[in-house]
Amino acid sequence: YSLCQNYLACALHVIQADGSDLRRIDWTTLCTSTPSVLEDGSILCTRWEYQDKNIFGWGGLWTVNPNGRQLKLYHGNTFRVPNIVCGAREIPGTGTAIVVWTGHHRPPLGDLAIVDRRKGLETPESMWKITHVTPVEKDLATGKDWRKSGVGAPGADDGYGGAFADPFPFSSDYSVVSYAGRGRRGHALWVLDHATGETAHLYEIKTEGKTRASCFSPVPLAPRPKPTAIPGDCPQESGTGTFLVQDVYQGLLEQGVKRGTVKRLRIMSQSPKKYNTEGFRYHDHYPLIGMGSYYVKLNHGTVPVDANGSACFKAPSNTELYFIALDEHGKEIQRMGSVTQITSGETSS
């Protein structure tokens, strides 16, 4: 169950076309949503994470292979605004993706934007709006303000019922989208120009001259190149995988941590919430774990870090993991602000 909402959490699975052989490939404790397949065969999706941060603004884009391996950040895990980026789809032949900006507590409706990760995974210039039906403007959580809530920005967690949803690129220049349009009462299908943000009306449902129903989730019935096939199934049995860290100081040096300070890594996981909220809610969560965290934390032990900053160790598979850098006294220097996973028998660096 979702930790602060009254509904089920969701994780990615793969299934055969005939409905058989359902396999889980994503071991989040919270929610992963709006998957689409990239040209390289990996799955682009939105992952909602808390991991000891504030509850807003952690709906970035990630990729994972269909066999559950190689979970990687695709873009934008430190943006406070937009709160959530969802509905991402690759724009053919461009190396970019089109996405929806929306609020933390809202349906997936908002402005549309382009993501170009070649300009950086967390840089302001790597994502820009191409429609302007909401007042929401991007804001990075950097430096001293990283804990601030994205709600503090104008309209970041407001609802915009007539805004855009479900973009599906059918060429490098155009997408078909769901949009109510100014002054309209129901969502219709429109064609969107990626360069200008201009729209052209395509289709709507009318009864007796009035719009009575909305159109969502358009899928162009057109051929496209078959994505690269990534072999292998995700092992469902619990076991271990192997992590290789080349240099733990990458990222820590910029924080003022000197080489030789990190002596060990603590291997941690978080326990999923198995039951829905019931009874009185305190501090936005029931049953209460603590004022500092929604999660029950599991400590799997520590592993040594070499003098050159490298580490190689086994960790539990098919579960949500994060690591904490420790000094010679076992005190915490830095913890991961995100989570990862590994499948049984996998080696990941």
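Strands are DSSP runs of E with at least two residues, numbered from the N terminus, and two strands pair if DSSP finds at least two bridges between them. The model discussed here is predicted: local features need pLDDT of at least 70, side-chain atom pairs count only at pLDDT 80 or more, and totals for chains, interfaces and linings use all residues. Residues are numbered from 1 along each chain as its sequence is written, and side-chain values use heavy atoms, with hydrogens and water left out.

Seven of its seven residues are buried, so β9 is largely enclosed by the rest of the structure; buried means under 20% relative accessible area, computed with a 1.4 Å probe on protein chains only. In a regular strand the side chains alternate between the two faces of the sheet. Both faces of β9 are covered, with Thr-96, Ile-98, Val-100 and Thr-102 buried on one side and Ala-97, Val-99 and Trp-101 buried on the other.

Strand β9 has antiparallel partners. Six bridges connect it with β8, residues 84–91, and Cys-86 has Val-100 as its bridge partner. These two strands form a hairpin with four residues between them, and Gly-93 in the turn has a positive phi of about 70°. Four bridges connect β9 with β10, residues 112–115; here Val-99 is partnered with Ala-113.

Another part of the model is an open sheet of four strands, in the antiparallel order β13-β14-β15-β16. Its edge strands, β13 (164–169) and β16 (199–203), each pair on one side only. Strand β13 is joined to β14 (residues 174–179) by four bridges, and Ala-165 has Ser-178 in β14 as its bridge partner.

Note on methods:
Buried means under 20% relative accessible area, exposed over 50%, partly exposed in between (1.4 Å probe, protein chains only).
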